[in-house]
Amino acid sequence: MISRLPIEHGREVILHFTIKLTDDSVADSTKMSGKPAKFRMGDGSLTENFESCLVGLKAGDEREFELAPEDAFGMPNKDNYYQVDTTKFGADRPEVGQIFTFPQPDGTELPGIVRAINDQFVTIDFNHPLAGQRVRFAVEIIEVNP
């Protein structure tokens, strides 16, 4: 039997989600992989605004809601733009819009988007790719567990 617990702080949630931009293009979706997302409300994996849209939903519920940029992935932060010497890219000439990953001290990789290129520097944007975008989240709640 499916649990009918409502989503609230501290509960485990399993759901499918689709993130759409205002032009209806799909930016991300768990349905493409067939693997739903699993998280615990309040664990920091989702923004407070996103979580607040889920509160009270139960297994079997489907909803779509729209979030302003500051409620979703935030606004672009100019402090997240870095100038990288063009010589760091070797013979591979980067192109505007290209995504590179940069190794971090903890071993993770941080993606950055090339925003501008001149003879000396490549400007890399480390903001979330959806920063500044109004987005629509469509969710299908699969399970809510204590």
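**View 1. The two domains of the predicted model.** The C-alpha centres of domain 1 and domain 2 are 30 Å apart. Domain 1 comprises residues 6-74 + 130-145 and domain 2 comprises residues 78-125, with bounds taken from an automatic or database domain assignment. The model is predicted, so local features need pLDDT of at least 70 and side-chain atom pairs count only at pLDDT 80 or more, whereas totals for chains, interfaces and linings use all residues. Residues are numbered from 1 along each chain as its sequence is written, and side-chain values use heavy atoms, without hydrogens and water.

View 2. Histidine 16 belongs to strand E1, residues 12-21 (a strand is a DSSP run of at least two residues, a helix one of at least four, numbered from the N terminus). Histidine 16 counts as buried because its relative accessibility is 12% (buried means under 20% relative accessible area, with a 1.4 Å probe and protein chains only). Its side chain makes a polar contact of 2.8 Å with the side chain of threonine 30; a polar contact is a pair of N or O atoms within 3.5 Å, one able to donate a hydrogen and the other to accept it, and residues adjacent in sequence count only if both atoms are side-chain atoms.

**View 3. The nonpolar cores.** The largest nonpolar core has 21 residues, and Ile7, Leu15, Leu54, Val139 and Ile141 have the most contacts inside it. Such a core is a set of buried Ala, Val, Leu, Ile, Met, Phe, Trp, Tyr and Cys residues joined through side-chain atoms within 4.5 Å. Another core, of seven residues, lies apart from it and includes Val84, Phe102, Val114 and Ile124.

Key
Buried means under 20% relative accessible area, exposed over 50%, partly exposed in between (1.4 Å probe, protein chains only).
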